Amino acid sequence: MSSAPDTQDHTPPLVRVGRFLGDNPMIPLLVLLAALIGVLEIMRPGIVSPFWAGNTIKFAIPLAMLAACQMLTMLTAGIDLSAAVVATVAGFVVATVSPLHGDGAGIAVALLAAAAVGLVNGFGVGVARVHPLIMTLGTGLIATGCLQVYQRLVIATGSDIPDMLEWLGTGRTAGLPNGLFLFVPFAAIILLGLRFTGFGRLLFALGSNEHAAKLSGTRSWQVYIALYLLSALIAGITGLLYVGMIRAPSLSLANPLLLPSVAAAVIGGTSIFGGRGSYAGAIVGALILTVLGTLLTLLQMPEGARRILFGAIILAVTALYVRFTESR
Amino acid sequence: MTDQTDARALLDASGVAKSFGAVRALTDASLSVNAGEVVALMGANGAGKSTFVKILTGALRPDRGRVLIRGQEARVGSPAEARASGLVPVYQEPSLIPDLTVAENLRLTDTPVDPFRAYVDDLGIANLRLGALIHSLPLATLRIFDLARALASDPDVLLLDEMTAALPTDLVERVLKVVRARADAGSGVIYISHRFTEISALCDRAVVLRDGRTVGDLAIEEGVEDRVVELMLGARIDLGRRAGLAHAEARTGTPRLKVRNLAAAPKLTDVSFDLHPGEVLGVVALEGQGQDELFDVLSGFRRATGGTLEVDGTPESFGHPADAIARGLTFVPGDRAHALLAERSVRENIALPFAARIRNWGPLKLRHERDRVAHAIEKLQIDTRAQGEVRRLSGGNQQKVTIGRWLATGVETLLLFDPTRGIDVRTKRQIYPLVRELAANRSAVLFYTSELEEVPLACDRAVVIFNGRTVAEIDASEADEQTLMRAAYGLAEEGAA
C-alpha cells in the first residue's frame, strides 16, 4: 500500500528475496534448470555434452511452441486444449497431401485445416462466449474425429514427409538442431510482439480486466478470434516441424504434448487467471520439462511410477514458484 | 413523541458508533421505534445510513452503543440472529435465491406459507405459483415476495430499505397500505426512502442522520421537508467558494449532446438535457435514481429503451463503448476497479485506448505514446513513474490515471461519474480546475457527483434527476446545496412525481 521508498529496513529478508524474485521471475527458473542438469550429470557423469544439449533443445522446441499457444491464450484467462490435436492434424495432412500435390500444397492445406479450427475456437470464445476450456476441448475432439474420417479416405495414398520438414526436424547445423532456424525467429516475434504491439497489449488488458478494455473501446471478440486463430496457426506449424522430427505420421502424433505444453506455460510463470505471463518463462519451462523427462527415463523406473513422479514434480515446482513470486 | 426510553419502545438503538480504520462512519447514532409507529430514517450520501442499517440488522457489530429490541440487548451477531430477535429487513435487492423456487426460499427462512400467501394477495400479486423459480420472475414481483415473506414471519420490527424504488405506482400504494396496517396492528417499522411523498403518507416520525450522528427526530407534519433538508445539510455554510467560473458563452449552436426523453428500463424513465461544447454540466441525483443507467447509455454499455440521443446534431445509438468513443464520448466510471488494469503499468493503463482498434494492433508508436503519456501524467500531477504498477498507487492517483487515459487521446466529451468518490481532498482540488480547463478548451463535460458542494465548484449548470426523470435544471449561480438537495429529493417545484 505505502509507496514510501524506504521500506527496505523493516522487511524480513525472506520477503525481500520473494519480492526480488517476483520482479525477476526468470532467475528461479534458470536456477532450477541448472540444478536439474547438475543432477543429471551427477547421476550419469559425462552425459551432459554439446550433443546432448542439441538433442534436448531439439525436443524442447515443439513443446515450447505449443506452450506459446497456452501462454498466449492464458494471458486472456483462456486455454487452448485443441493445440496438440491441431498439430497432429497439420502433421498428418502434410504427410498425406504432399505425395499427391506437392510439398507447397501439403503445407498450405495443413495450415488451412489448422486455421479452420482456430477460427471456430475464436468464434466460440469471442462471440458465443463459450468458456475456452470447453470450446477448445470440443473442437479438439471434433478435429480428432475428422482426422479419423480423413484417414479412411486416404488410406491407399500412403504418406511421405516433405524433405524440407525432415531437414528442419532432424538435421543439424554446427551441432545445433535445424529447428532453431524456425524457432529463433518465432520466439523473437512472440517476445517482441507481446511487448511492442497493440495486439500484445490487448491480450494483457483482456486478461487483467476485460471491463476496462471494453471501456477503452476494445471489441473483445475481435481480439479473441485473432488470438485463437494465431494459436491454431502456431500449433499447425508445430505439427509440421514435429512430423519432420518423428517421421511417422499417426493419428496421435503430437497429442501427448498437450499437458506438458500447459505445464510449461504454468511453470514459466503464466497465470491461468489471465493478465500475467511471459514467453521467456514458457521457453525455460519447456526446457525444464524436457530435462526432467530425460532424468526420469534414466532412473529406469516403470512407466507408471515415472508419470507419478513427473506430475508430482510439476505440482511442487509450480506451487513453490507461485508462492515465491506472488507473496506480496 | 421523541422519548427514547419509552417503555413501549420495540427497538431502541442509542449511542451507536462504528469506525473502519481511520474512517468514522458512525459516531453517535440513535433510533427508537415504538409499537404502532413507522419511523423514517433519512440522511444524505455518506451520512452513515447504510452502516447504521448494517448494525441494526446484525451484519456489522458496533464499536460502541447498544441495540435493544423489546428491552432486551439484541444479540445481533449475524443477520439470522437479528431475524430471530424480531427485526426483519427488506432491501431494494430482494434477498431470494435465484435458482430455488418460491416455496424453497420460504423454507430456507422457515416462513409459514399461508400468511405469506395472504400477504401476497393483499399486496396485489395474482396467481402466486409456489413452484416458480425465482430467476424466472420479474423484479417487482420478487420485491413484493420479499416483503410478504418478511411480513409472514411476524416481525416485531420491520426494516424497509428503499424497497419501493422503481416499483410501479399502484404497487407502491399497496405496499404503503399494507405496511401501515401492519404498524397499526402493533409492529414497528423503520422506513428508509428518498421520497418525501411516501414518507409523509406513511411515517409518523423522521430520524435524520448527518456525519454519523443522529441530528434530528421530527414529527411528520406540514413543512417538515424543509426542516429535514436543513438538518441533512447541517450548518456548513461556506460562501464565496466558487472559483469564479468563466461564464459559459451563450449556449447557442448545435449542442454536443442533445438528450431527449431518454429511458433505460426500469430505472431511467425520462431524462432530457443539452450539453454544449465548452460547458460542464452537473448531474445531481440521490443514489439509484437512474444516473447509472444514463451514463451506461451515453458510454455505450447499454442501449436506451426509449428517447433520443444526438451527438453534434446526428442521432446515435451506441451498441458498444467503441461506438461512443468513435463519436468522442469517453467515460470515467465511478468504480476505479472497473477501469484499471491493476497489475499493469501506469503507462499501459493510460495508453490502453491507443491499441483498441484493429488498425492499431501492429507495432506501437512508442515515441508518440511516451509523449502523450508523459503529457497526461504531468497535466494531472500523478505521483509516479510511468513504469509503476497501478495497484501501488493511492486511490486519488488511480483516479487520475483513469482520467489521464482520455486526456492522452484528446477529449471531446467526457462523462465523469462521481470522479471524486473516496479520494483525498488535495486530489479533489486538482480535479475541479482540470475539468474547468477542459471546458475552456471547448470540451464538453458531463459530471455526476454524489457530493453536492462540488456542483458550484466545477459546473456551469446542473440537471437534477429524481425517480428516473429530470426534475430541475439549475444554474451554477443558484446551485447552493440547499437548492440542490431539495431538488434531488423531488421537492423543487410544484411537486414532481
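pLDDT is the predictor's confidence in each residue, on a scale from 0 to 100. In this predicted model, chain B has a mean pLDDT of 86, and 93% of its residues reach 70 or more. Chain B is divided into domain 1 (9-233) and domain 2 (257-488), and 34 of its residues are in contact with 28 residues of chain A. The points below cover confidence, the interface between the chains, the interface between the domains, and salt bridges.

**Confidence in chain B**

- Among the elements of chain B, helix H2 (residues 79-85) has the lowest confidence, with a mean of 74, while strand E15 (residues 314-315) has the highest, at 96.
- Residues 1-5 of chain B stay under 50 in pLDDT, and the model gives this stretch eight contacts beyond four places in sequence.
- Residues 237-241 of chain B also have pLDDT below 50, and four contacts beyond near neighbours in sequence are found for them in the model.
- Where pLDDT is low, the predicted coordinates should not be read in detail.

**Interface of chain B with chain A**

- The size of an interface is often expressed as the accessible area lost when the parts come together.
- Between them, chain B and chain A bury about 2700 Å², and carbon and sulfur atoms account for 59% of that area.
- Four salt bridges are found across the interface of chain B and chain A.
- One salt bridge joins the side chains of B:Glu369 and A:Arg201, with an N to O distance of 3.0 Å.
- Polar contacts between chain B and chain A number 12 residue pairs, with both residues at pLDDT 80 or more.
- On the side of chain B that touches chain A, the elements giving two or more residues are helices H10 (321-326), H11 (346-351), H12 (366-380) and H13 (395-409) of chain B.
- The most is given by H10(B), which supplies four residues to that side.
- By class, the residues on the side of chain B that touches chain A are 21 nonpolar, four polar and nine charged.

**Interface between the domains of chain B**

- The centres of domain 1 and domain 2 of chain B, taken over C-alpha atoms, are separated by 34 Å.
- Each domain of chain B brings 11 residues to the contact.
- Domain 1 and domain 2 of chain B bury about 1100 Å² between them, of which 58% comes from carbon and sulfur atoms.
- Within domain 1 of chain B, the residues losing the most area to domain 2 are B:Asn45, B:His194 and B:Leu233, which together make up 47% of what that side buries.
- One salt bridge is found across the interface of domain 1 and domain 2 of chain B.
- The side chains of B:Arg486 and B:Asp226 meet in a salt bridge, with N to O at 2.0 Å.
- Two residue pairs are in polar contact across the interface of domain 1 and domain 2 of chain B, with both residues at pLDDT 80 or more.
- The side of domain 1 of chain B that touches domain 2 has five nonpolar, three polar and three charged residues.

**Salt bridges in the whole structure**

- Side chains of opposite charge can pair when their charged atoms come close.
- Over all chains, the structure holds 31 salt bridges.
- B:Asp63 and B:Lys18 form a salt bridge in which the closest N and O atoms are 3.8 Å apart.
- B:Asp63 lies in the loop between helix H1 (49-56) and strand E4 (64-69) of chain B, and B:Lys18 lies in strand E1 (residues 9-20) of chain B, so this pair ties together parts 45 residues apart in sequence.

Key: Residues are numbered from 1 along each chain as its sequence is written. Chains are lettered from A and ligands numbered from 1 in the order in which they are written. Side-chain values use heavy atoms; hydrogens and water are left out. Contact means heavy atoms within 4.5 Å. Buried area is the accessible area (1.4 Å probe) that two parts lose on being put together, summed over both. A polar contact is a pair of N or O atoms within 3.5 Å; within protein, one must be able to donate a hydrogen and the other to accept it, and residues adjacent in sequence count only if both atoms are side-chain atoms. Ala, Val, Leu, Ile, Met, Phe, Trp, Tyr, Cys and Pro count as nonpolar, Asp, Glu, Lys and Arg as charged, and the others, Gly among them, as polar. Domain bounds come from an automatic or database domain assignment.
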